[in-house]
Amino acid sequence: MLYSIIIPCYKSSRSIRQVVELTSEELTKLGRTPFEFILVNDCSPDDGETIRELRKLADDYSYVTAVDLARNCGQHNATMAGLNQASGDILISMDDDLQTHPSQLHKLLEEFDKGFDIVYGYYPEKKHNLFRNFGSWVNYQSVRILIGKPKDMKTSSFWVIRKFVRDSVIEYKSQYTHLQGLFLRTTRNIASVPVEHFDRAYGTSGYTLKKLIGLWSNIIGFSIEPLRIARNFGALIALMGIIGAIWVLIKKLLVPSTAIGWSSMMVAIFFFSGMIMLFLGLIGEYLGRMFLNVNNYPQYVIRDIYHHNNSEDAEL
């Protein structure tokens, strides 16, 4: 049984060797062999330092494959690139910064052996800043509401899945990848186990506010719930408008001298105009994503693949 460890890499030249070596030591100690590492360089903006380190690892260890992406595509799409290259029967996702620490692997694998299709490691206490923790909370609530994530299911980028889950997930070809959504539509036989969240070994998180919002917005590709919310909200506003119109009419009949306020009219115009633009934008987002999918906009583009003392031509 082959174990595949998928690690998206972004400006991780100083930490990735330690991640690979500690993880291989831990898997060997646990008797979880043979294994392979798929290291995906997500077009790191560091003058080639990350891909050079990945190539050195591929030269040093026969079980390491380095995948170099031609453009930055985000953590989830980089993970998809790794999943497509992996050959394992059991697949493990980890981070490149030692926050998903190899010493915690045994907890996930012991739970996985109970027969679950997917096991997530989650952090009772996170080493993120307040902004990242708030973003995680918003993402958790959104996924629960929009795609029916179970309340007791806690997630992170630290997970173990079976091969059939991988095979189902990689059939998804849209660039707007959201792995939780793909996992949930594949199986509900999912468990979560608490693991310790370690400090970053080097540097800071590569997630900016723009990237976090972009990742969060990928949820809508797995749900039409936002459109239903827009429909229901529109119906509510229309009902309120009808009630308001009746109230104004009655008040005018009872008190003919009542003046119609210009300010209230302008507020109403601005409010309803804003809501119309918001919902048109939401519909436009769905249509835009459909347009990009029809035009086969790629999840990722591979520049090169590096094996032990070998490299392959770039491929899509």
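Which residues make the nonpolar surface patch of about 630 Å²? I looked this up in a predicted model. The patch is made by Ile-276, Met-277, Leu-280, Ile-283, Leu-287 and Met-290. I then checked Ile-283. Ile-283 sits in helix α10, residues 262-294. Its relative accessible area is 41%, so I log Ile-283 as partly exposed.

Next entry: salt bridges. My search of the whole structure returned 10.

I took Arg-17 and Glu-21 to begin with. Their closest N and O atoms are 3.5 Å apart. Both belong to helix α1 (residues 16-30), and because they are 4 residues apart, about one helical turn separates them. Arg-17 is partly exposed at 23%, and Glu-21 is partly exposed at 26%. I also found this pair in a salt-bridge network with Glu-53 and Asp-60.

Then I looked at Asp-117 and Arg-162. This salt bridge has its closest N and O atoms 3.8 Å apart. Asp-117 is in the loop between α4 (105-112) and β5 (118-122), while Arg-162 is in strand β6 (residues 159-162), so the pair ties together parts 45 residues apart in sequence. Asp-117 counts as buried at 12% relative accessibility. Arg-162 is partly exposed at 24%.

I also noted Arg-166 with Asp-167, a salt bridge at 2.9 Å between the closest N and O atoms. Arg-166 is buried at 7%, whereas Asp-167 is partly exposed at 29%.

Last entry: cysteines. I found 0 disulfides. Cys-43 is in none, and the nearest cysteine sulfur, on Cys-73, lies 8.9 Å away. The cut-off for a disulfide is 2.5 Å. Cys-43 is partly exposed at 27% relative accessibility. Cys-9 is buried at 1%.

Conventions:
Residues numbered from 1 in each chain as written. Predicted model: local features only at pLDDT ≥ 70, side-chain atom pairs only at ≥ 80, totals over all residues. Heavy atoms only, no water. Buried < 20%, exposed > 50% of the residue type's maximum accessible area, 1.4 Å probe, protein only. Patch = residues over 30% accessible without salt bridge, like charges linked within 9 Å, V, L, I, M, F, W, Y side chains within 5 Å. Areas by Shrake-Rupley, 256 points an atom, 1.4 Å probe, with all protein chains shown as cover. Salt bridge = Lys/Arg side-chain N within 4 Å of Asp/Glu carboxyl O. Helix = DSSP H or I, 4+ residues; strand = E, 2+ residues; numbered from the N terminus.
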